[in-house]
Amino acid sequence: MQYPISTGQAAKLLGVPEPKLQLLIRKHRLSSLPAVSAGRRLWYEEHVLLAANVLGVSRADLNRRIRTHA
């Protein structure tokens, strides 16, 4: 998978609706927030991994989803 990805793509990888990720950002639940460029969040691998940890998505599930969406 090529990074950065959009919030929608990150949500799909994590198996959650996009508003759930937006809520994590608004409530500062991620220790490192994705940067904003042209009004869009730029999700890199580190951000996806942080969100997966907060959401309780296992690393194995995340890796499987990344392989199927690559």
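Where is Lys-27 found? Lys-27 is in the loop between α2 and β1. The notes below concern a predicted model, and they start from this residue.

1. Along the chain, Lys-27 and Ser-6 are 21 residues apart, and their C-alpha atoms are separated by 19 Å.

2. The charged patch. Lys-27 belongs to a patch of positive charge on the surface, together with Lys-20, Arg-26 and Arg-29. Arg-26 is part of helix α2, which covers residues 18-26, while Lys-27 is in the loop between α2 and β1. The relative accessible area of Arg-26 is 57%, so this residue is exposed.

3. His-28. The loop between α2 and β1 (35-37) also holds His-28. The relative accessibility of His-28 is 59%, so the residue counts as exposed.

4. Ala-38. Ala-38 sits in the loop between β1 and β2, the latter being residues 40-42. Is Ala-38 buried or exposed? Ala-38 is exposed, because its relative accessible area is 83% and the cut-off is over 50%.

5. The cis peptide bond. The bond that runs from Tyr-3 to Pro-4 is cis, and its omega is near 10°. Pro-4 is placed in the segment before α1.

6. The salt bridge. How many salt bridges does a search of the whole structure find? The search finds one. The partners are Arg-64 and Asp-61, and their closest N and O atoms are 3.5 Å apart. This pair counts as a salt bridge because the limit is 4 Å between a side-chain nitrogen of Lys or Arg and a carboxyl oxygen of Asp or Glu. As background, side chains of opposite charge can pair when their charged atoms come close.

7. Where the pair sits. Helix α4 (residues 59-69) contains both Arg-64 and Asp-61. The two are three residues apart, about one turn of the helix. Arg-64 has a relative accessible area of 41% and is therefore partly exposed. For Asp-61 the relative accessibility is 31%, so Asp-61 counts as partly exposed.

8. The nonpolar core. The largest nonpolar core has 17 residues, of which Leu-14, Leu-21, Trp-43, Val-48, Ala-51 and Leu-62 touch the most other members. Two or more residues come from each of the elements α1 (7-14), α2, α3 (45-55) and α4. Helix α1 gives the most, with four residues.

9. Is Leu-21 buried or exposed? Leu-21 is buried, because its relative accessible area is 0% and the cut-off is under 20%. Leu-21 and Ala-11 are ten residues apart along the chain, and 6.7 Å separates their C-alpha atoms.

Key:
Residues numbered from 1 in each chain as written. Predicted model: local features only at pLDDT ≥ 70, side-chain atom pairs only at ≥ 80, totals over all residues. Heavy atoms only, no water. Patch = residues over 30% accessible without salt bridge, like charges linked within 9 Å, V, L, I, M, F, W, Y side chains within 5 Å. Areas by Shrake-Rupley, 256 points an atom, 1.4 Å probe, with all protein chains shown as cover. Lys, Arg positive; Asp, Glu negative; His and termini not counted. Charge placed at Lys NZ, Arg CZ, Asp CG, Glu CD. Buried < 20%, exposed > 50% of the residue type's maximum accessible area, 1.4 Å probe, protein only. Core = buried A, V, L, I, M, F, W, Y, C linked by side-chain atoms within 4.5 Å.
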